[in-house]
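I opened this notebook to keep track of what I looked up, one topic at a time. The entries below follow the order in which I went through the model.

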Amino acid sequence: MEIGGGGQSGVAANSGVCCGGKRKNEKPYKGIRMRKWGKWVAEIREPNKRSRIWLGSYSTPVAAARAYDTAVYYLRGPSARLNFPELLVGDGGLNDLSAASIRKKAIEVGAQVDAVQNSLATHHNHTEEKVHSETASPSELKPCWFQEKPDLNLKPEPEDPEVDYW
């Protein structure tokens, strides 16, 4: 006898399967998770210990995954299962394999990837804005703060008219 409504529907509801076989909370990469407010964080468990090494908070999942890859490579060596094995760059390795040095190197790599990812996204947005501005009529465009030309010969108006500044 089946408990919970029977059939496949009870199994599917409990397994978290949704929308074409994908899980709702499926992580795009190993070793990362998304915070409630949208930031991606990476951490890794130290071998033979219960403690974790915090690898940082990033705006993109790729940056968090690259930070994780850096740390797992230094902890487990070339046999480690990486998110991006094709992007592994051997820079001679770390002399000090302490948690602090691994964290420092992973955060460095993650920050670089995050900066590149954010600059690509910013460049993409500016390109779209440029295309829109070229197709928009002049009446639709708002002037930027640096395009406004104030008269520099005028005396500035005081914030408090009751106080005599001059």
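**Entry 1: the sheet and its helix**

I began with α2, which lies across β3, β4 and β5 and runs at about 15° to β4. For that angle, axes are lines fitted to C-alpha atoms, for helices over the stretch in contact, and angles run from 0 to 180 degrees between N-to-C directions. Contact here means heavy atoms within 4.5 Å. Helices (H or I, at least four residues) and strands (E, at least two) are DSSP runs, numbered from the N terminus.

I noted the basis of the values: this is a predicted model, in which local features need pLDDT of at least 70, side-chain atom pairs count only at pLDDT 80 or more, and totals for chains, interfaces and linings use all residues. Residues are numbered from 1 along each chain as its sequence is written, and side-chain values use heavy atoms, with hydrogens and water left out.

I then looked up the sheet, which is open, has three strands in the order β3-β4-β5, and pairs them antiparallel. β3 (32–34) and β5 stand at the edges with a single partner strand each, so one side of each has no neighbour in the sheet. Neighbouring strands of this sheet are turned by 25° against each other on average, direction ignored.

**Entry 2: strand pairs**

I took two strands as paired if DSSP finds at least two bridges between them. β3 and β4 have three bridges, in the antiparallel sense, and R33 has V41 in β4 as its bridge partner. Between β4 and β5, also antiparallel, I found six bridges. I44 is bridged to I53 in β5. The β4 and β5 strands form a hairpin with six residues between them, and N48 in the turn has a positive phi of about 60°.

**Entry 3: the core**

Which residues touch the most other members of the largest nonpolar core? They are I44 and L55, in a core of 22 residues. A nonpolar core is a set of buried Ala, Val, Leu, Ile, Met, Phe, Trp, Tyr and Cys residues joined through side-chain atoms within 4.5 Å. Buried means under 20% relative accessible area (1.4 Å probe, protein chains only). Two or more residues of this core come from each of β4 (40–45), β5 (52–58), α2 (61–76) and α3 (99–135). The largest share, eight residues, is from α2.

I listed the contacts of I44 beyond four places in sequence, and among them are L55, Y68, V72 and L75.

V72 sits in helix α2 and is buried, at a relative accessible area of 2%. Beyond four places in sequence, V72 touches I44, G77, A80, R81 and L82. I also checked V72 against I102: they are 30 residues apart in sequence and 9.0 Å apart in space, C-alpha to C-alpha.

**Entry 4: a buried charge**

I turned to D114, in helix α3. D114 is buried but has no salt bridge, and the nearest side chain of opposite charge, K39, is 5.8 Å away. A salt bridge is a side-chain nitrogen of Lys or Arg within 4 Å of a carboxyl oxygen of Asp or Glu. Lys and Arg count as positive and Asp and Glu as negative, with His and the chain ends not counted. Outside four places in sequence, D114 is in contact with Y58, S59, T60 and A63.

**Entry 5: the whole chain**

Of its 166 residues, 23% count as buried.

Definitions and conventions
Buried means under 20% relative accessible area, exposed over 50%, partly exposed in between (1.4 Å probe, protein chains only).
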